Amino acid sequence: MTRHTKRIHDAACDTWDLPRAGQGGDLRPRSGPDDVTDRYLAAIAPAYDRLSRVLAQLCGIFLLALTRDAQGNGLHLDHAMYGVARDQLNEARETLGGVPVPDPAHRHHAAMGQMAAHLSDAARDMDRMSALKTTPDRDIAKREILKRLAEAQHLLIATAEPDSGITPVDFTHACCNCTTGAA
Amino acid sequence: MADYSIHVLEYSYVPQYHKSGVLYGAHNEGYVKLPYCYVLIRSADHVALVDVGYNHKDYGKFLADKFGVENWRSPSVVLGELGLTPEDVDTVFITHAHFDHFGNVEDFPNATFYIQRDEIEKWVWAMSLPDRLKWMMIAVDPGDVLRGVNLAAQGRLRTIEGSLENVLPGVDLHLAKDSHTFGSMWVTVRNDGKAQSDDTWVLAGDLVYQFKNIENDGSVVGVDKMYTPVGLALGSQMNLLLATEDMMKQTGYDSHRVIPIHEEGLADTFPCRITKEGLRISEICLADGAGSFVA
């Protein structure tokens, strides 16, 4: 297993000062780099990737629904990918639940759990919003969904560990992945 | 008569980009400088941009450390060189959803944005694919899509399907489906306002990185010049070439009227200057009565 040079954010790091992050009271100070943390990061990576995708999917589906709504056809949540996103979210939550969490990673793991919860709430609210009839009700629902998605995105950034390949964007083949020094 | 001034504005660059990324098949041919730019289209009535660059706050250090992207400057600094602020921008055309084109929408609070619906639809689909197909998800940041949602919620994002003429007077949008990305778009400026224009400029987004993509040496296939696609085609090289043909046709096959934004060689074709921040401003054309910003 590759030994990583950068580890999970310290428990006292400002990164964790996020809305609703770390309220469970189960977060402990990190104890420093070790193989246990490496194993945790390797195990958690698929769930992170899945949650990142779900966030993009829900955002994209909501964007498409809102722009269609703006054209006067009403908000329709009939995009086939909505069901796929919910399935992927369930898979990610199962992975999260099955990962052994070492002491240094408790706060990281809790934040990922919160991210999944926000995404789940956003998906539920999107489904409910499509049934709302009045504009004020829909505006309230819209704001709540945007808030959930934004909180999920904050946590996605906070839980990124780029040196372990846990990052919201794959730059591997991007326009910038090009220097002689690039790996 | 010319209604619009057009400037290509460099906001960052990569000093050494592998040439095969610019030009399909150019393996082991070394490195070229790759400017990162957006395009300003300005008339008496409108201030429009083609793409908005990336948000240094989110990506800057990571990109600088990992990939050598250098000298990022904010839209305030870049547009300030032309006497504008980001708040002056009323229209933005997003050519595709890669982070370096769609990653800084927050800096333009008064703009209405346009993007192809196919671009979003298929990214959403790609996100559902198994890991073995993850190559299709490169360079898209969920955060950018979220910012797009916020724009949509504010009524400032329009998704379009295919071509849209006169989105601004004399400015048309065109879809290059399944080419560089799923729903890449190019922007055509008919600067005399005529339907059959004699003064057409094409702003190519990433459908063309550099002039070489339009006028590459064709001796390998027994012709003088030939189109050669860029190194990254999420769709197909064929669709990139067909889009290039469509763009060239619009300009009457004047290759210097198809404007690539990753082209350091714009300096060889158009008046330009280097700002005090070390970034290039290329002056593609001037509206009637407008003064030069590079003289």
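Residues are numbered from 1 along each chain as its sequence is written, while chains are lettered from A and ligands numbered from 1 in the order in which they are written. In this predicted model, local features need pLDDT of at least 70, side-chain atom pairs count only at pLDDT 80 or more, and totals for chains, interfaces and linings use all residues; side-chain values use heavy atoms, with hydrogens and water left out.

Helices (DSSP runs of H or I, at least four residues) and strands (runs of E, at least two) are numbered from the N terminus. Helix α2 (residues 80-98) and helix α3 (residues 106-129) of chain A have axes that come within 10 Å and cross at roughly 155°. Axes here are lines fitted to C-alpha atoms, for helices over the stretch in contact, and angles run from 0 to 180 degrees between N-to-C directions. Angles under 35 degrees count as roughly parallel, over 145 as roughly antiparallel, 65 to 115 as roughly perpendicular and the rest as oblique; α2(A) and α3(A) are therefore roughly antiparallel to each other. Contact means heavy atoms within 4.5 Å. Among the residues of α2(A) that meet α3(A) are A:Tyr82, A:Leu89 and A:Leu96, and the α3(A) side includes A:His109, A:Ala116 and A:Asp127. By class, this contact has nine nonpolar, three polar and four charged residues, where Ala, Val, Leu, Ile, Met, Phe, Trp, Tyr, Cys and Pro count as nonpolar, Asp, Glu, Lys and Arg as charged, and the others, Gly among them, as polar.

Another helix pair joins the two chains. Helix α4 (residues 135-158) of chain A packs against helix α6 (residues 142-153) of chain B at an angle of about 160°, with their axes 10 Å apart. That makes α4(A) roughly antiparallel to α6(B). In α4(A), A:Leu146 and A:Leu149 are among the residues that meet α6(B), whose own residues include B:Leu146 and B:Val149. The contact of α4(A) with α6(B) has eight nonpolar, three polar and one charged residues.

Next come the sheets of chain B. Strands of a sheet pair through backbone hydrogen bonds, either parallel or antiparallel. Two strands count as paired if DSSP finds at least two bridges between them. Eight strands of chain B form an open sheet of mixed pairing, in the order β6-β5-β4-β3-β2-β1-β15-β14. Its edge strands are β6 (157-160) and β14 (272-274), each pairing on one side only. Within this sheet, three bridges join the parallel strands β3 (residues 47-50) and β4 (residues 91-93) of chain B, and the bridge partner of B:Ala48 in β4(B) is B:Thr91.

Five strands of chain B form an open sheet in the order β7-β8-β9-β10-β13, also with mixed pairing. Here β7 (164-168) and β13 (258-259) stand at the edges with a single partner strand each, so one side of each is left without a neighbour in the sheet. Four bridges join β9 (residues 183-190) to β10 (residues 200-203) of chain B, which run antiparallel, and B:Val189 stands opposite B:Trp201 in β10(B). Helix α7 (residues 237-250) of chain B lies across β8 (171-177), β9, β10 and β13, running at about 10° to β9(B).

Finally, how confident is the predictor? The score, pLDDT, is its confidence in each residue, from 0 to 100. Chain A has a mean pLDDT of 75, and 67% of its residues reach 70 or more. Over residues 18-31 of chain A, pLDDT stays under 50.

Notes:
pLDDT is the predictor's confidence in each residue, from 0 to 100.
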